[in-house]
Amino acid sequence: MSFIIEKLKLFKRNRMMCEIKMNEVRQIIELTQLEVYSQPIVQLDQQQTGFAFEYLNRPREGSGFDHPGEFYAFAANHGTIAEVDVCAIENILAHLPERVQETIFVNIHLSTLFSDRWVELLEHLNISYSDVIPQIVLEISEREGLDKYTTSEVGEKIWDLRALGFQFAIDDVGIGYSGLTSLTMVKPDYVKIDRLLVSYIDTDPYRQHLLKALVEYWINVNVSVIAEGIERKEEMDFFAKLGVTFGQGYFFQKPVKLSTDL
Ligand code: G
Ligand code: MN
(Lines give C-alpha, C1' and ligand atoms only; values in the text may rest on other atoms or scores of the structure.)
(Ligands and ions follow the chains in the order given, each with its own letter.)
Protein backbone atom coordinates (compact mmCIF):
# COMPACT_ATOMS: atom_id res chain seq x y z
CA MET A 1 0.00 0.00 0.00
CA SER A 2 2.68 2.48 1.03
CA PHE A 3 4.43 1.63 -2.25
CA ILE A 4 1.36 2.82 -4.20
CA ILE A 5 1.11 6.00 -2.11
CA GLU A 6 4.79 6.71 -2.74
CA LYS A 7 4.26 6.20 -6.45
CA LEU A 8 1.25 8.53 -6.46
CA LYS A 9 3.22 11.16 -4.58
CA LEU A 10 6.05 10.88 -7.10
CA PHE A 11 3.61 11.10 -9.99
CA LYS A 12 2.03 14.27 -8.47
CA ARG A 13 5.42 15.79 -7.87
CA ASN A 14 6.56 15.06 -11.43
CA ARG A 15 3.36 16.58 -12.81
CA MET A 16 3.86 19.71 -10.72
CA MET A 17 7.47 20.05 -11.89
CA CYS A 18 6.30 19.59 -15.44
CA GLU A 19 3.69 22.37 -15.07
CA ILE A 20 6.29 24.72 -13.59
CA LYS A 21 8.62 24.04 -16.51
CA MET A 22 5.78 24.41 -19.00
CA ASN A 23 4.98 27.87 -17.57
CA GLU A 24 8.65 28.66 -17.85
CA VAL A 25 8.66 27.71 -21.55
CA ARG A 26 5.53 29.85 -22.13
CA GLN A 27 7.13 32.78 -20.39
CA ILE A 28 10.36 32.40 -22.35
CA ILE A 29 8.35 32.45 -25.59
CA GLU A 30 5.91 35.22 -24.64
CA LEU A 31 8.51 37.57 -23.24
CA THR A 32 11.08 36.53 -25.86
CA GLN A 33 13.54 35.66 -23.13
CA LEU A 34 15.80 34.14 -25.73
CA GLU A 35 19.24 35.44 -26.47
CA VAL A 36 20.72 35.20 -29.94
CA TYR A 37 24.26 33.91 -30.47
CA SER A 38 26.13 33.58 -33.72
CA GLN A 39 29.00 31.29 -34.65
CA PRO A 40 30.91 31.57 -37.94
CA ILE A 41 31.06 28.80 -40.52
CA VAL A 42 34.58 28.89 -41.88
CA GLN A 43 36.06 28.04 -45.27
CA LEU A 44 38.71 25.47 -44.33
CA ASP A 45 41.25 26.06 -47.09
CA GLN A 46 41.59 29.79 -46.36
CA GLN A 47 40.21 29.88 -42.81
CA GLN A 48 38.02 32.69 -44.03
CA THR A 49 35.00 33.85 -42.06
CA GLY A 50 32.18 36.29 -42.57
CA PHE A 51 30.10 34.69 -45.31
CA ALA A 52 28.01 32.30 -43.19
CA PHE A 53 26.92 32.07 -39.56
CA GLU A 54 24.82 29.67 -37.53
CA TYR A 55 22.44 31.63 -35.32
CA LEU A 56 21.48 30.03 -32.03
CA ASN A 57 18.88 30.98 -29.43
CA ARG A 58 19.44 30.22 -25.77
CA PRO A 59 17.14 30.97 -22.84
CA ARG A 60 18.42 33.82 -20.69
CA GLU A 61 20.44 32.87 -17.65
CA GLY A 62 18.31 32.02 -14.62
CA SER A 63 15.53 30.63 -16.80
CA GLY A 64 15.15 27.38 -14.87
CA PHE A 65 16.74 25.27 -17.59
CA ASP A 66 20.31 24.21 -16.95
CA HIS A 67 21.34 24.33 -20.61
CA PRO A 68 19.71 25.16 -23.96
CA GLY A 69 19.50 21.47 -24.91
CA GLU A 70 17.24 20.81 -21.91
CA PHE A 71 14.96 23.69 -22.92
CA TYR A 72 14.57 22.44 -26.51
CA ALA A 73 14.13 18.80 -25.46
CA PHE A 74 11.43 19.79 -22.96
CA ALA A 75 9.59 21.89 -25.55
CA ALA A 76 9.83 19.03 -28.07
CA ASN A 77 8.46 16.51 -25.56
CA HIS A 78 5.55 18.76 -24.54
CA GLY A 79 4.15 19.83 -27.88
CA THR A 80 5.48 23.41 -27.99
CA ILE A 81 8.49 23.02 -30.25
CA ALA A 82 6.83 24.80 -33.19
CA GLU A 83 6.18 27.88 -31.01
CA VAL A 84 9.77 27.76 -29.74
CA ASP A 85 11.32 27.32 -33.21
CA VAL A 86 9.25 30.12 -34.75
CA CYS A 87 9.89 32.45 -31.82
CA ALA A 88 13.64 31.73 -32.14
CA ILE A 89 13.66 32.52 -35.86
CA GLU A 90 11.66 35.74 -35.35
CA ASN A 91 14.20 36.67 -32.69
CA ILE A 92 17.11 36.05 -35.08
CA LEU A 93 15.47 38.13 -37.83
CA ALA A 94 14.93 40.98 -35.37
CA HIS A 95 18.68 40.97 -34.63
CA LEU A 96 19.86 40.99 -38.24
CA PRO A 97 21.25 44.18 -39.75
CA GLU A 98 19.18 45.94 -42.37
CA ARG A 99 21.20 44.64 -45.29
CA VAL A 100 22.08 41.01 -44.73
CA GLN A 101 25.14 39.87 -46.67
CA GLU A 102 25.84 36.47 -45.18
CA THR A 103 24.21 33.07 -45.34
CA ILE A 104 22.10 32.48 -42.24
CA PHE A 105 21.91 28.98 -40.79
CA VAL A 106 18.98 28.47 -38.38
CA ASN A 107 17.85 25.36 -36.51
CA ILE A 108 14.37 24.00 -37.00
CA HIS A 109 12.55 20.76 -36.21
CA LEU A 110 11.00 19.01 -39.18
CA SER A 111 7.62 18.92 -37.37
CA THR A 112 7.64 22.73 -37.17
CA LEU A 113 7.52 22.90 -40.97
CA PHE A 114 4.17 21.06 -40.80
CA SER A 115 2.66 23.42 -38.16
CA ASP A 116 0.29 26.41 -38.35
CA ARG A 117 2.90 28.54 -36.60
CA TRP A 118 5.25 27.95 -39.54
CA VAL A 119 2.55 29.11 -41.98
CA GLU A 120 2.24 32.33 -39.95
CA LEU A 121 5.99 32.82 -40.00
CA LEU A 122 6.08 32.29 -43.78
CA GLU A 123 3.50 35.05 -44.21
CA HIS A 124 5.65 37.37 -42.14
CA LEU A 125 8.78 36.38 -44.09
CA ASN A 126 7.07 36.93 -47.43
CA ILE A 127 5.97 40.41 -46.41
CA SER A 128 9.06 41.69 -44.59
CA TYR A 129 12.01 39.45 -45.48
CA SER A 130 11.36 38.06 -48.96
CA ASP A 131 14.81 39.15 -50.20
CA VAL A 132 16.51 37.39 -47.25
CA ILE A 133 14.84 33.99 -47.81
CA PRO A 134 17.45 32.75 -50.35
CA GLN A 135 20.13 33.39 -47.72
CA ILE A 136 18.39 31.22 -45.12
CA VAL A 137 19.52 27.62 -44.62
CA LEU A 138 17.08 25.59 -42.54
CA GLU A 139 19.05 23.10 -40.41
CA ILE A 140 16.99 20.00 -39.75
CA SER A 141 18.41 17.84 -37.00
CA GLU A 142 18.85 14.13 -37.30
CA ARG A 143 18.10 14.01 -33.57
CA GLU A 144 14.39 14.27 -34.28
CA GLY A 145 13.06 11.01 -35.70
CA LEU A 146 12.24 11.86 -39.29
CA ASP A 147 10.19 8.69 -39.61
CA LYS A 148 7.00 10.43 -38.43
CA TYR A 149 6.53 11.52 -42.02
CA THR A 150 6.56 9.63 -45.28
CA THR A 151 9.27 10.32 -47.83
CA SER A 152 6.72 11.95 -50.14
CA GLU A 153 5.35 14.21 -47.36
CA VAL A 154 8.87 15.42 -46.58
CA GLY A 155 9.80 15.66 -50.26
CA GLU A 156 6.75 17.79 -51.06
CA LYS A 157 7.32 20.10 -48.10
CA ILE A 158 10.98 20.61 -48.97
CA TRP A 159 10.13 21.13 -52.66
CA ASP A 160 7.60 23.89 -51.80
CA LEU A 161 10.07 25.67 -49.52
CA ARG A 162 12.89 25.37 -52.03
CA ALA A 163 10.61 27.03 -54.58
CA LEU A 164 10.42 30.01 -52.20
CA GLY A 165 14.23 30.09 -52.05
CA PHE A 166 15.09 28.32 -48.79
CA GLN A 167 18.15 26.05 -48.62
CA PHE A 168 18.46 22.99 -46.39
CA ALA A 169 21.05 21.36 -44.16
CA ILE A 170 20.94 18.10 -42.23
CA ASP A 171 22.34 18.83 -38.79
CA ASP A 172 24.12 16.47 -36.38
CA VAL A 173 24.79 13.88 -39.09
CA GLY A 174 26.11 10.72 -37.52
CA ILE A 175 24.18 10.61 -34.27
CA GLY A 176 20.66 10.53 -35.69
CA TYR A 177 18.06 7.89 -35.17
CA SER A 178 16.97 7.92 -38.78
CA GLY A 179 20.46 7.50 -40.12
CA LEU A 180 20.96 7.81 -43.83
CA THR A 181 17.24 8.00 -44.67
CA SER A 182 17.15 11.68 -43.67
CA LEU A 183 19.71 12.40 -46.36
CA THR A 184 17.70 10.75 -49.07
CA MET A 185 14.44 12.35 -47.87
CA VAL A 186 15.68 15.93 -47.67
CA LYS A 187 18.41 15.90 -50.36
CA PRO A 188 20.11 18.75 -48.52
CA ASP A 189 22.36 21.50 -49.83
CA TYR A 190 24.60 21.03 -46.78
CA VAL A 191 25.37 18.28 -44.29
CA LYS A 192 26.82 19.11 -40.88
CA ILE A 193 28.91 16.28 -39.46
CA ASP A 194 28.21 15.95 -35.73
CA ARG A 195 31.05 16.79 -33.37
CA LEU A 196 30.99 13.29 -31.91
CA LEU A 197 32.36 12.07 -35.23
CA VAL A 198 34.78 15.00 -35.48
CA SER A 199 36.33 14.93 -32.02
CA TYR A 200 39.87 13.39 -32.09
CA ILE A 201 39.26 12.03 -35.61
CA ASP A 202 43.03 12.19 -36.19
CA THR A 203 43.54 9.44 -33.62
CA ASP A 204 40.84 7.01 -34.81
CA PRO A 205 41.50 5.17 -38.11
CA TYR A 206 38.12 3.39 -37.98
CA ARG A 207 36.22 6.69 -38.02
CA GLN A 208 38.65 8.10 -40.58
CA HIS A 209 37.65 5.36 -43.06
CA LEU A 210 33.95 5.98 -42.43
CA LEU A 211 34.26 9.73 -42.97
CA LYS A 212 36.40 9.31 -46.07
CA ALA A 213 33.63 7.20 -47.63
CA LEU A 214 30.84 9.57 -46.54
CA VAL A 215 32.62 12.73 -47.71
CA GLU A 216 33.36 11.13 -51.08
CA TYR A 217 29.66 10.28 -51.41
CA TRP A 218 28.55 13.81 -50.47
CA ILE A 219 31.01 15.38 -52.93
CA ASN A 220 29.67 13.05 -55.66
CA VAL A 221 26.08 14.13 -55.03
CA ASN A 222 27.00 17.83 -54.81
CA VAL A 223 26.28 18.32 -51.12
CA SER A 224 28.46 20.86 -49.29
CA VAL A 225 30.01 19.45 -46.15
CA ILE A 226 30.49 21.25 -42.83
CA ALA A 227 32.49 19.60 -40.05
CA GLU A 228 31.04 20.76 -36.72
CA GLY A 229 32.63 21.05 -33.32
CA ILE A 230 36.22 21.46 -34.54
CA GLU A 231 38.23 22.18 -31.41
CA ARG A 232 41.75 21.21 -32.50
CA LYS A 233 44.03 22.02 -35.42
CA GLU A 234 44.50 18.29 -36.15
CA GLU A 235 40.74 17.93 -36.68
CA MET A 236 40.69 20.89 -39.05
CA ASP A 237 43.68 19.50 -40.99
CA PHE A 238 42.06 16.07 -41.34
CA PHE A 239 38.85 17.48 -42.84
CA ALA A 240 40.64 20.02 -45.05
CA LYS A 241 42.74 17.17 -46.48
CA LEU A 242 39.61 15.12 -47.17
CA GLY A 243 38.26 17.96 -49.29
CA VAL A 244 35.62 19.16 -46.81
CA THR A 245 34.86 22.79 -47.64
CA PHE A 246 33.57 24.17 -44.34
CA GLY A 247 34.18 23.91 -40.61
CA GLN A 248 32.64 25.29 -37.44
CA GLY A 249 33.76 25.07 -33.84
CA TYR A 250 35.55 26.51 -30.85
CA PHE A 251 38.89 26.25 -32.71
CA PHE A 252 37.71 29.11 -34.93
CA GLN A 253 35.29 30.89 -32.63
CA LYS A 254 32.81 30.15 -29.83
CA PRO A 255 29.24 31.39 -30.32
CA VAL A 256 29.11 35.12 -29.59
CA LYS A 257 26.09 36.76 -27.98
CA LEU A 258 24.55 39.49 -30.12
CA SER A 259 23.39 42.67 -28.48
CA THR A 260 19.93 42.10 -26.99
CA ASP A 261 18.91 45.77 -26.99
CA LEU A 262 16.53 46.16 -29.88
O1 G B 1 22.92 20.80 -32.67
P2 G B 1 23.79 21.94 -33.13
O3 G B 1 24.94 21.47 -33.94
O4 G B 1 22.98 23.04 -33.79
O5 G B 1 24.43 22.54 -31.80
C6 G B 1 25.07 23.75 -31.72
C7 G B 1 25.69 23.78 -30.35
O8 G B 1 27.03 23.33 -30.44
C9 G B 1 25.74 25.15 -29.73
O10 G B 1 25.21 25.09 -28.43
C11 G B 1 27.22 25.49 -29.70
O12 G B 1 27.55 26.25 -28.57
C13 G B 1 27.87 24.14 -29.64
N14 G B 1 29.21 24.14 -30.23
C15 G B 1 29.65 24.83 -31.29
N16 G B 1 30.96 24.59 -31.56
C17 G B 1 31.38 23.71 -30.63
C18 G B 1 32.65 23.07 -30.36
O19 G B 1 33.66 23.27 -31.02
N20 G B 1 32.68 22.20 -29.29
C21 G B 1 31.58 21.94 -28.53
N22 G B 1 31.70 21.09 -27.51
N23 G B 1 30.39 22.52 -28.75
C24 G B 1 30.26 23.40 -29.78
MN1 MN C 1 22.76 23.45 -35.79
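Reader: Hi! Let's start with the ligand: how far is a polar side-chain atom of E54 from an oxygen atom of ligand 1?

Author: Hello! Keep in mind that this is a predicted model. In it, E54 places a polar side-chain atom 3.0 Å from an oxygen atom of ligand 1.

Reader: Thanks. What about D171, how far is its polar side-chain atom from a ligand oxygen?

Author: For D171, the distance from a polar side-chain atom to an oxygen atom of ligand 1 is 3.1 Å. R195 has a contact of this kind too, with a polar side-chain atom 3.2 Å from an oxygen atom of the ligand.

Reader: And how much of ligand 1 does the protein bury?

Author: The protein buries 81% of the 520 Å² that ligand 1 exposes when taken alone.

Reader: Nice. Which residues come nearest to the ligand?

Author: There are 15 residues around ligand 1, and those that come nearest are E54, R58, E228, E231 and Y250.

Reader: Which strands supply at least two residues of the shell?

Author: Those are β3, spanning 52-59, and β6, spanning 167-173. With three residues, β3 gives the most to the shell around ligand 1.

Reader: Switching to pockets: where does ligand 1 sit?

Author: Ligand 1 is in the largest pocket. That pocket holds about 1100 Å³ of space.

Reader: OK, how many residues line the largest pocket, and which lie nearest its centre?

Author: The lining of the largest pocket has 35 residues, with L56, Y72, N107, R143 and D172 nearest the centre. Two or more lining residues come from each of β3, α2 (68-77), α3, β4, β5 (136-141) and β6.

Reader: Which of the elements gives the most to that lining?

Author: That would be α2, which gives six residues to the lining of the largest pocket.

Reader: How much space lies in the second largest pocket?

Author: About 180 Å³. Its lining residues are E35, Y37, R58, P59, R60, E61, S63, F65, D66, H67, P68 and K257.

Reader: Which elements give two or more residues there?

Author: For the second largest pocket, they are β1, which covers 34-40, and β3.

Reader: Last topic, cavities. How many of 30 Å³ or more does the structure hold?

Author: One. The volume of the largest cavity is about 30 Å³.

Reader: Which residues line the largest cavity?

Author: I89, I92, L93, I104, V106 and I136 form its lining. The elements giving two or more of the lining residues are α3 (81-95) and β4 (103-108), and α3 gives the most, with three.

Reader: So what is the class make-up of that lining?

Author: The largest cavity is lined by six nonpolar residues, with no polar and no charged ones.

Definitions and conventions. Residues are numbered from 1 along each chain as its sequence is written. Chains are lettered from A and ligands numbered from 1 in the order in which they are written. This is a predicted model: local features need pLDDT of at least 70, side-chain atom pairs count only at pLDDT 80 or more; totals for chains, interfaces and linings use all residues. Side-chain values use heavy atoms; hydrogens and water are left out. A residue is near a molecule or strand if one of its heavy atoms lies within 4 Å of it. A polar contact is a pair of N or O atoms within 3.5 Å; within protein, one must be able to donate a hydrogen and the other to accept it, and residues adjacent in sequence count only if both atoms are side-chain atoms. Accessible areas come from the Shrake-Rupley method with a 1.4 Å probe; for residues, only the protein chains shown count as cover. On a 1 Å grid over the protein atoms alone, a cavity is a set of points where a 1.4 Å probe fits but cannot get out, and a pocket is an open set with protein on both sides within 12 Å along at least five of seven lines; lining residues have an atom within 4 Å of a point. A molecule sits in a cavity or pocket if more than half of its atoms lie within 2 Å of its grid points. Helices (H or I, at least four residues) and strands (E, at least two) are DSSP runs, numbered from the N terminus. Grid points are joined across faces, edges and corners, and a volume is the space filled by probe spheres set on the points. Ala, Val, Leu, Ile, Met, Phe, Trp, Tyr, Cys and Pro count as nonpolar, Asp, Glu, Lys and Arg as charged, and the others, Gly among them, as polar.
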